[in-house]
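Here are my notes on the model you sent over, as numbered points. Have the structure open while you read.

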Amino acid sequence: MTHHDGILIIDFGSQYTQLIARRVREHRVYCEIHPPSRDIDWIREWKPKGIILSGGPNSVYGENVPLAQPELLTLGIPVLGLCYGMQVLAHLSGGKVVGAARREYGRADVVVEGGPLFEGFTAGERTSVWMSHGDHVHEPPPGWHVTATSANSPVAAMQHDERPLHGVQFHPEVAHTPRGGEMLANFLFGICGAEPTWTPEHFVDSEVARIRELVGPSDRVICGLSGGVDSSVAAALVHRAVGDRLTCIFVDHGLLRLHEREQVEATFRRHLGIDLRVVDASEAFLADLAGVTDPETKRKRIGKQFIDAFEREARAVGDDVRWLVQGTLYPDVIESFSPTGGPSVTIKTHHNVGGLPERLPFALIEPLRELFKDEVRAVGRELGLPEEMVGRHPFPGPGLAIRILGEVTREQCDLLRQADAIYIEEIRAAGLYDAIWQAFAVLLPIRSVGVMGDFRSYDQVVGLRAVTSRDGMTADWFPFPPEVLATISNRIANEVPGVNRVVYDVSSKPPATIEWE
C-alpha cells in the first residue's frame, strides 16, 4: 500500500499510543501503530518518513521487556522517543536509565535549551508539559546532548549530535502539554520532511483505485449492512468502485432501535440506489436468546445466528460472489496485538459483520481498516452521504441484547425501544445530539418501588448513558443540563408502561466501558 509520507509508531504499551496516532493524523500525516516485534527488514520495506517510539509501563533495565533493535538508530530515518521511548533510545545508545528519586506524574515545567524539535521556542524558555514516569535518563548517552531539562529530570529532552534522533521524557501528544502539537509538527515536517497529504479526498481516490484493482471485472461483492456509520461508509466507498456489482444484506435480528429497519431501507434506496436485501431473522435470534443472561453467551449466540442468516442470503445472491465487505476500523486492528506482539486481553467479544464470518468462502475487503471513527465520518461526507447517516451515534452489532441486562425477550425489547426513542428525541430537541458521542438507554435487571396514581408500583428501572469522546477509546459522561434530564425522566416514567424509575450513568471509560455489557 501507499503510506502517504507515513509515520511508523512503535507501541510499547502506553495508554497514550492511540492518542499519538490521532495527533499525527490531525496534522494530515498518515501513520500506523505496530508492535516492537517488527524487524528491521520489515521497517525498511514499510519505508517510513519517521518513527515514533511510544511510552510504556516497563523499565528498560527489566527482564523480558519490549525494546527496539539497535539497528533502528542507524537507518537514517528520524526517530522520536516519548517517555519510555526516549529511555529505549538512551538504553540502546549506552546511556544510563535509573529509577527517579521522585516519581513524576502530571504537569511539570521544562526549560528548553534548543534544537529542531523546539523550533519556535526561545532558548531558556519555560514551558508546561505532562509527565508520567518513574524512571529517567540519568545523563545523555555518548554522542547525545540535552535539549530540555526539568527540576526532576536532568534530561527532559535530548537529541543525537549527528543523526536525526530525538527523545523527550514527557508526553507532547496529550492536551496537558499545551505546545505539544508544535513539537510534533516540528518533528513531522521540519525533521522528517513529511507532507500533509492524508485527507478524506486523497483517501477516497486511492481506496477506490485499490478496490478496482483488487476486484475482478466480473466479481460480485456483498456487504453486511447494519445501518450504522461504519458499514454505511464502507458500502458507499465500495459502491463507488464497483457499482451495481455490490449487494448489501441487512439482517433484522429483532434487536434494533425503533423504526430502524424502515429508516435503513429508505435511506439506502433513496440516497445510494444500492441493491439492498433485507432478511427478517428476528424469530430465530430471540428464540436462541431465551433464558440467556450471560453477556458473552448473548454475543456468541447472536454471532452464530448472524452468520447463519447472512450465509443463507449470500448464497442466494449468486455463484459469482467473491468478496465480503467488512466495516473494520483502525481501533479494531490496533487492539489485536500487545506490545510484545501477542494478542491483547479480550474485554468483550465484538460481534458484527466485521470480524465474524471467518468460515464464509469470500475474500475480505476492509476499506476503513486504516481509519478512526471521526475519519470515517469525514470520508462519508466526502462521499456525499447525508448527515442523518454520517452523524449517527454508534450502535453495537448485538443491538438491544447488550442493553437489556438479563434475559432478552420481545417484550423487554419493545419496552427499551420506547424508552430509548424518547431519550434520543429529547436530546435532539435540546440541540445536544451532535455534542454527544453516543447516547442510549439501558434496561436494568432490577425492580423498584414507586407511587403512580396514589398506588404502589413495583416496576423496572431504565438507566441512561451519554458520553463524549473523540474515537471511542476513552470517554467521559456528558453533563446534561438538569432540566433536560428531568424532562427525559418524566416522559419515560409516564409514557413507557412498566417503568417507574430512571437513573443516569456518570462513569467514565476507563474504568467502565461505554456499553454496559
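**Notes on the predicted model**

1. Let's start with R299, which sits in helix 9 (residues 295-317). Keep in mind throughout that this is a predicted model. Is R299 buried or exposed? With a relative accessibility of 3%, R299 is buried, because the cut-off for that label is under 20%. Have a look at E517 too: R299 and E517 are 218 residues apart along the chain, yet their C-alpha atoms are separated by 9.4 Å.

2. Next, strand 9 (residues 165-168). L165 and G167 point one way from this strand, H166 and V168 point the other way, and all of them are buried.

3. Now the nonpolar packing. The largest nonpolar core has 115 residues, and the members that touch the most others are Y423, F480 and I492. Which helix gives the most to this core? That is helix 6 (residues 229-242), with nine residues. There is also a second, separate core of 33 residues, with I20, V110, C192 and F372 among them.

4. Leaving aside neighbours within four places in sequence, Y423 is in contact with A439, F440, A441, L464, R465, A466, F480, I488 and Y504. F480, one of those contacts, is also named with Y423 among the residues that touch the most other core members.

5. I'd also look at the second largest pocket, which holds about 520 Å³ of space. Of its 21 lining residues, L258, Q263, R392, I424 and R428 are the closest to the centre. Helix 7 (260-271), helix 12 (387-390) and helix 13 (410-429) are the elements that give two or more residues to the lining. Helix 13 gives the most, with six residues. What classes of residue make up the lining? There are eight nonpolar, five polar and eight charged residues.

6. On to backbone angles. Most residues other than glycine have a negative phi. K47 has a positive phi of about 55° although it is not a glycine; this residue lies in the loop between helix 2 (40-46) and strand 3 (50-53). N64 also has a positive phi, near 55°, and is placed in the loop between strand 3 and strand 4. Are these two residues buried or exposed? K47 counts as exposed because its relative accessibility is 67% and the cut-off is over 50%. N64 is exposed as well, with a relative accessible area of 78%.

7. Last, the peptide bonds. Most peptide bonds are trans.

Note on methods:
Residues numbered from 1 in each chain as written. Predicted model: local features only at pLDDT ≥ 70, side-chain atom pairs only at ≥ 80, totals over all residues. Heavy atoms only, no water. Buried < 20%, exposed > 50% of the residue type's maximum accessible area, 1.4 Å probe, protein only. Helix = DSSP H or I, 4+ residues; strand = E, 2+ residues; numbered from the N terminus. Core = buried A, V, L, I, M, F, W, Y, C linked by side-chain atoms within 4.5 Å. Contact = heavy atoms within 4.5 Å. 1 Å grid on protein atoms, 1.4 Å probe; cavity = no way out; pocket = protein on both sides within 12 Å on 5 of 7 lines; lining within 4 Å. Points joined across faces, edges and corners; volume = space filled by probe spheres on them. Nonpolar A, V, L, I, M, F, W, Y, C, P; charged D, E, K, R; others polar.
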